[in-house]
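User: I am new to this structure and would like to learn how to read its features one at a time. Could you show me, with the general idea and then the case at hand?

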Amino acid sequence: MKIYTFGVVLVLAAFAAPLRAQSAADYLIGAQDVLTVQVFDQADLGGKYTVETDGTFSFPLIGRVTAGGLTLRSFETELRKKLADGYFKNPQVTVSVEQYRSQRVFVMGEVRAPGPVPLTGGMTLIEALSRAGSTMPSASGEVAIVRAPQGARGPVLPDPNKSADIVNVSIRELESGSMKHNVALHDGDTIFVPRAESVYVFGQVKMPGAYAIQKDTTVLQALSLAGGVGENGAMNRIKIARVINGQKEEIKVKLTDIVKAGDTIIVPEKFF
């Protein structure tokens with residue numbers, strides 16, 4: 001049975017680019033990262049350098065330099081000091097990351113391309129979801145960010161019984177442009193996008209079936225997902241079949257009532 005949902009659209013790319021530009025300098029360099037170093041007017045010193053497991057690499061003239069654990073701007077400053085110490089007067093140095101290999105987050109659940117995502121400088125939730133292809137139409141209205149316990153090497157799914165911090169974020173708030181919900185990510189975080197829960201709509205509607213719902217979905221909204229009530233539908237006699245304390249009960253409802261996951265909305269036929 002096909003499941004439908006509200007359109008969940010995140011304008012991710014528009015937010016992601018400026019965020020990267022503002023915060024990339026704060027990225028902490030790690031082992032296996034590939035750095036691009038440029039020294040103004042000294043093209044022979046520039047190039048790509050891979051940070052080794054001990055956080056160092058060999059640079060022309062000055063030998064081994066330590067990059068691991070430093071931000072890009074801090075490492076630029078250190079490299080500039082070393083080159084100025086007997087080699088060049090006021091050297092102009094820029095350092096950027098060619099390949100991010102040392103840190104990553106995991107995006108799981110209802111996204112188009114689940115899996116690990118390299119953690120770039122200052123990466124936020126919006127950018128990580130964008131890298132994973134954005135959320136699927138079957139996604140629920142919330143995202144859980146799991147801060148894994150120390151030593152975890154893979155994705156950690158939300159579990160209140162385990163020693164992991166969980167941050168819940170509303171996708172609707174992100175869609176509305178609320179940047180306070182655009183959480184900054186840490187190395188090893190797991191972003192879990194759960195599947196939306198569903199209700200069933202049957203009877204005198206245009207497209208009977210199962211439909212994914214978001215929080216606070218009303219009877220009217222659920223009916224609209226099913227194409228609306230047909231011309232023979234009795235709007236004043238709509239009922240919901242709901243399991244209460246293990247027993248199935250039928251409840252007469254208004255269009256403004258909130259539905260619950262697992263409800264069956266029944267639109268009976270008019271009396272003629």
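User: Which strand does strand 14 pair with in the antiparallel sense over 3 bridges?

Analyst: This is a predicted model, and in it strand 14 pairs with strand 16, which covers residues 264-267, in the antiparallel sense over 3 bridges. Within that pairing, isoleucine 240 has isoleucine 265 of strand 16 as its bridge partner. Strand 14, made of residues 239-244, is also joined by 6 bridges to strand 15, residues 247-252, and these two run antiparallel as well. On that side isoleucine 240 stands opposite isoleucine 251 in strand 15.

User: How many residues lie between the strands in the hairpin of strand 14 and strand 15?

Analyst: There are 2 residues between the strands of that hairpin, where asparagine 245 takes a positive phi near 55°.

User: How should I read a sheet, and in what order do the strands of the 5-stranded one lie?

Analyst: A general idea to keep in mind is that, in a regular strand, the side chains alternate between the two faces of the sheet. In this structure, the open sheet of 5 strands has the order 8-7-11-9-10, and its pairing is mixed. Its edge strands are strand 8 (115-118) and strand 10 (165-170), each of which pairs on one side only. From one strand to the next, the twist averages 25°. Inside this order, strand 9 (residues 142-147) and strand 11 (residues 190-193) run antiparallel and are joined by 3 bridges, with isoleucine 145 having isoleucine 191 of strand 11 as its bridge partner.

User: What is the strand order in the open sheet of 3 strands, and how are they paired?

Analyst: The order there is 3-2-6, and the pairing is antiparallel. Strand 3 (47-50) and strand 6 (93-99) are the edge strands, each pairing on one side only, and the twist averages 30° from one strand to the next. Strand 2, residues 34-39, pairs with strand 3 in the antiparallel sense over 4 bridges, and in strand 3 the bridge partner of threonine 36 is lysine 48. Helix 2, which spans residues 72-84, packs on this sheet and touches strand 2 and strand 6, its direction making about 135° with that of strand 6.

User: How many aromatic pairs does a search of the whole structure find, and how is such a pair described?

Analyst: A pair of aromatic rings is described by the distance of the centres and the angle of the planes. The search finds 4 aromatic pairs in the whole structure. One of them is formed by tyrosine 27 and tyrosine 100, which lie 4.8 Å apart centre to centre with 85° between the planes, an edge-to-face arrangement. This pair links distant parts of the chain, since tyrosine 27 is in the loop between helix 1 (12-23) and strand 2, whereas tyrosine 100 is in the loop between strand 6 and strand 7 (104-109), 73 residues apart.

User: How is empty space found, and how many residues line the largest pocket?

Analyst: Rolling a probe the size of a water molecule over the atoms shows where empty space is left. Here the largest pocket holds about 330 Å³ of space and is lined by 17 residues, with Gly141, Ile213, Gln214, Lys215 and Asp216 lying nearest its centre. Sorted by class, its lining has 7 charged, 5 polar and 5 nonpolar residues.

Notes. Residues are numbered from 1 along each chain as its sequence is written. This is a predicted model: local features need pLDDT of at least 70, side-chain atom pairs count only at pLDDT 80 or more; totals for chains, interfaces and linings use all residues. Side-chain values use heavy atoms; hydrogens and water are left out. On a 1 Å grid over the protein atoms alone, a cavity is a set of points where a 1.4 Å probe fits but cannot get out, and a pocket is an open set with protein on both sides within 12 Å along at least five of seven lines; lining residues have an atom within 4 Å of a point. Grid points are joined across faces, edges and corners, and a volume is the space filled by probe spheres set on the points. Ala, Val, Leu, Ile, Met, Phe, Trp, Tyr, Cys and Pro count as nonpolar, Asp, Glu, Lys and Arg as charged, and the others, Gly among them, as polar. Two strands pair if DSSP finds at least two bridges between them. Axes are lines fitted to C-alpha atoms, for helices over the stretch in contact, and angles run from 0 to 180 degrees between N-to-C directions. Contact means heavy atoms within 4.5 Å. Rings of Phe, Tyr and Trp (its six-membered ring) pair if their centres lie within 6.5 Å; planes under 30 degrees apart count as stacked, over 60 as edge-to-face and the rest as tilted.
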